[in-house]
Amino acid sequence: GEEESEGEEDEEAAVAVGRPSHRADGKVFYRQMKKGEETYEVGQDCYLENGADVPYVARLQEIFVYSFASSEVYFNARWYYREGDVHEYAKMAGASGKVKYEGGTLTAAPSELFFSLHFDENHSDCVLRPCAVHLLDERPDGGFGPHEFFAWRAYEKKAVYPLEALPTKKLRDAYATEAKRGPAAKA
């Protein structure tokens, strides 16, 4: 009973891989982690558990362990939002209705995500599997496979902007960084 489930959890626990890249603020940083059969690296997109039918999608920004608990692997992630998330976060930020885009209510294709500045720390337990988010300068015509997404727009402060025309330096800098790290950069 109980011992078996503990053994299964341990089997899926992530481990940091390779030599540390650096140390700061009581953390030891790595370029990769291994969870189950998968190896994940900084800059990789993955699904994250959220208790719902449709998992979250995020890009790994940093992989680390705390110096005092080196067997527990954490990561910082940049989150991608789905259409429903954009409307929900805008409402939480005080928007009176749904987010508008080009004169109408914002809609998105099934495999479309929205780039965001949302960035936070998570435990590696929530990583489900790799996926890929292609950052594009314009709306694509399609051509994406399973576990592949695209983002050509960003959400910030109750509004959506094309990635090619981001209004703030913070968004432009974040996009420039991610454009160098995603699936297209590896192709």
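Q: What makes Asp 173 and Lys 169 a pair about one turn of the helix apart?
A: In this predicted model, Asp 173 and Lys 169 both lie in helix H3 and are 4 residues apart. An α-helix has 3.6 residues a turn, so residues three or four places apart point the same way.

Q: Why is the contact between the side chains of Asp 173 and Lys 169 called a salt bridge?
A: The cut-off is a side-chain nitrogen of Lys or Arg within 4 Å of a carboxyl oxygen of Asp or Glu. For Asp 173 and Lys 169 the N to O value is 2.6 Å, so the pair counts as a salt bridge.

Q: How do you know whether Asp 173 and Lys 169 are buried, partly exposed or exposed?
A: Buried means under 20% relative accessible area, exposed means over 50%, and partly exposed is in between. Asp 173 has 38% and therefore counts as partly exposed. Lys 169 has 55% and is therefore exposed.

Q: Which salt bridges share partners and form one network?
A: Those that join Asp 45, Arg 59, Arg 78, Glu 178 and Arg 181. A search of the whole structure finds 7 salt bridges.

Q: What makes Arg 59 and Asp 45 a salt bridge, and what does the pair tie together?
A: The side chains meet at 2.6 Å, N to O, and the limit is 4 Å. Arg 59 lies in strand E7 and Asp 45 in strand E6, so the pair ties together parts that are 14 residues apart in sequence. Both Arg 59 and Asp 45 are buried.

Q: How do you know that Glu 178 forms a salt bridge with Arg 59?
A: The closest N and O atoms of Glu 178 and Arg 59 are 3.3 Å apart, which is within the 4 Å cut-off. This pair links distant parts of the chain, with Glu 178 in helix H3 and Arg 59 in strand E7, 119 residues apart.

Q: Why are Glu 178 and Arg 59 called buried?
A: The limit is under 20% relative accessible area. Glu 178 has 1% relative accessibility, so Glu 178 counts as buried. Arg 59 has 0%, so Arg 59 counts as buried too.

Q: What shows how the buried residues of helix H3 are arranged around its axis?
A: The buried residues of H3 are Leu 171, Ala 174, Tyr 175 and Glu 178. Seen down the axis, they fall within an arc of 100°, so they line one face of the helix. They pack against E7, E8, strand E11, strand E13, E14 and strand E15.

Q: Why is Gly 84 called partly exposed?
A: Its relative accessible area is 49%, and exposed would need over 50%. Gly 84 lies in helix H2, whose buried residues are Asp 85, Val 86, His 87 and Ala 90.

Q: Which residues have the most contacts inside the largest nonpolar core?
A: They are Met 33, Leu 48, Phe 75, Val 86 and Val 160, in a core of 30 residues. Among the elements that give two or more residues to this core are helix H2 and strand E14. Beyond its neighbours within four places in sequence, Val 86 is in contact with residues including Tyr 81, Phe 114 and Val 160.

How values were computed. Residues numbered from 1 in each chain as written. Predicted model: local features only at pLDDT ≥ 70, side-chain atom pairs only at ≥ 80, totals over all residues. Heavy atoms only, no water. Core = buried A, V, L, I, M, F, W, Y, C linked by side-chain atoms within 4.5 Å. Buried < 20%, exposed > 50% of the residue type's maximum accessible area, 1.4 Å probe, protein only. Contact = heavy atoms within 4.5 Å. Arc of directions from axis to C-beta.
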